[in-house]
Amino acid sequence: MVAGIARSEAPDPTTLVVTLKEPNNAFLHYAACPWQMFAVSPTAVETNAVGGDLAQEWLKTHDAGTGPYAMKEFVPGSHYTLERFDGYWGEEPYFQSVRIEIVPEIATQKLQLDQGAFDLVAKGFAIPDVLNYKQNAKFNTITAAGSTVIVLWMNFNAGVFADKSLRQAMMTALDRSAIVEAAFQGLTPMQSNFWPENMFPEGLVPFDPPVDIGPLEAIVPTLPSKKIDLAWVTSYGAPGQQIAELIQTQLAPTGLEITVRAMPSAESFDLANQPAERRPDLMVAGIGGDALHLDTAMRIFLRTGAKPLNFFQYGNPEVDRLMDEAITKPTDDETNEVYLQITATIEDEALWVPLCRRMDTTITQAQIDGFVGNSYLPYIFDTGVIRRA
């Protein structure tokens with residue numbers, strides 16, 4: 001995000017002037033993403049820096065920003081406690097404190113919510129539970145689609161899926177519509193575009209191949225091993241697990257012996273650091289940008305050497321060059337022409353199978369009001385405006 005900045009200055013307390021080294025039509029999107037260039041106190045950084053680390057170690061358990069809450073306590077693996085910041089520049093938040101519990105198991109989260117111990121659970125519920133909550137007046141149910149597309153990644157650097165012809169056969173082997181309908185029960189449609197619709201013009205890169213399992217069935221008998229490791233990333237909640245299991249069921253008749261396992265998010269973020277052969281053969285996860293501009297997806301998922309979201313470490317110098325060219329274009333049409341060139345390469349490589357837009361549901365107690373989700377990831381919400389009705 002900051003690599004292209006030549007300089008910045010604040011001529012007055014409410015103005016920030018940023019000068020770029022060259023044109024970048026994605027820069028304002030960088031600034032608007034959920035993980036934007038937050039203002040951090042330079043005094044706090046200087047005071048708490050150790051060995052030139054820019055206070056990174058200190059900032060793991062502290063904050064030095066300008067928001068409505070300050071971090072009072074952080075116990076790794078347990079919880080965060082936020083306290084209202086009396087010097088906040090905006091409207092005073094309703095709650096004096098907010099406690100964020102770290103509870104990996106969605107079943108435990110549901111139990112705590114149902115018993116009133118939790119006021120809000122941001123994501124992860126199984127779709128049947130979501131539909132039940134929608135009928136329960138004791139709860140608010142907020143369902144929204146962000147920008148992430150759930151996909152089936154293939155390990156193109158090791159194992160049987162290093163064979164491009166096998167990956168290409170996978171692009172048509174799945175009945176994607178049946179998988180999405182069973183997993184989401186009508187809450188989100190099958191993905192009909194290669195990129196998320198709100199990041200790239202709808203219909204410009206359609207993805208709707210006819211279902212044909214024949215090419216995959218023809219290849220499987222020739223494989224050196226039919227044992228397949230399929231991981232689903234736990235941040236995608238119960239629907240992610242169901243998608244993985246539906247893929248396992250659909251592909252079983254081909255002779256592939258697929259084992260499904262859960263992969264904690266932290267483990268998926270470390271895949272880029274692992275040898276290719278230690279990564280799963282298949283993985284249910286997502287692809288999407290840090291904001292509503294395609295550069296913010298390509299640059300973190302596809303750029304040579306990018307970590308941690310370039311899970312399987314794809315690298316192509318020509319794709320890198322085109323990424324850099326696209327953001328210098330003065331019009332959307334010229335930018336999209338470059339992205340179409342990149343898309344042709346990526347589709348041919350068959351790195352992933354698009355499945356559907358990620359649909360997230362937040363459940364709150366009925367008396368919780370003012371929930372405002374982020375347009376990119378709906379479960380990222382503004383703690384400063386929630387209140388008890």
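This is a predicted model: local features need pLDDT of at least 70, side-chain atom pairs count only at pLDDT 80 or more; totals for chains, interfaces and linings use all residues.
Next I looked up where the two helices sit in the chain. Helix α12 covers residues 317–326 and helix α13 covers residues 332–349. Their axes come within 9 Å and cross at roughly 160°. Angles over 145 degrees count as roughly antiparallel, so α12 and α13 are roughly antiparallel to each other.

Then I checked who touches whom. From α12, the residues in the contact are Val-319, Leu-322, Met-323, Glu-325 and Ala-326. They meet Thr-335, Val-338, Tyr-339, Gln-341, Ile-342, Thr-345 and Ile-346 of α13. Sorted by class, I get eight nonpolar, three polar and one charged residues.

On to the strands. I found an open sheet of three strands, ordered β3-β4-β5, with antiparallel pairing. β3 (69–75) and β5 are the edge strands, each pairing on one side only. Ignoring direction, neighbouring strands here are turned by 20° against each other on average.

I zoomed in on β3 and β4 (residues 79–84), which pair over six bridges. Val-75 stands opposite His-79 in β4.

Last stop: Ile-100, which lies in strand β5 (residues 97–101). Leaving out residues up to four places away in sequence, Ile-100 touches Ser-78, His-79, Tyr-80 and Leu-82. I also looked up Lys-134: it is 34 residues from Ile-100 in sequence, and 24 Å away in space, C-alpha to C-alpha.

Notes: Residues are numbered from 1 along each chain as its sequence is written. Side-chain values use heavy atoms; hydrogens and water are left out. Axes are lines fitted to C-alpha atoms, for helices over the stretch in contact, and angles run from 0 to 180 degrees between N-to-C directions. Helices (H or I, at least four residues) and strands (E, at least two) are DSSP runs, numbered from the N terminus. Angles under 35 degrees count as roughly parallel, over 145 as roughly antiparallel, 65 to 115 as roughly perpendicular and the rest as oblique. Contact means heavy atoms within 4.5 Å. Ala, Val, Leu, Ile, Met, Phe, Trp, Tyr, Cys and Pro count as nonpolar, Asp, Glu, Lys and Arg as charged, and the others, Gly among them, as polar. Two strands pair if DSSP finds at least two bridges between them.
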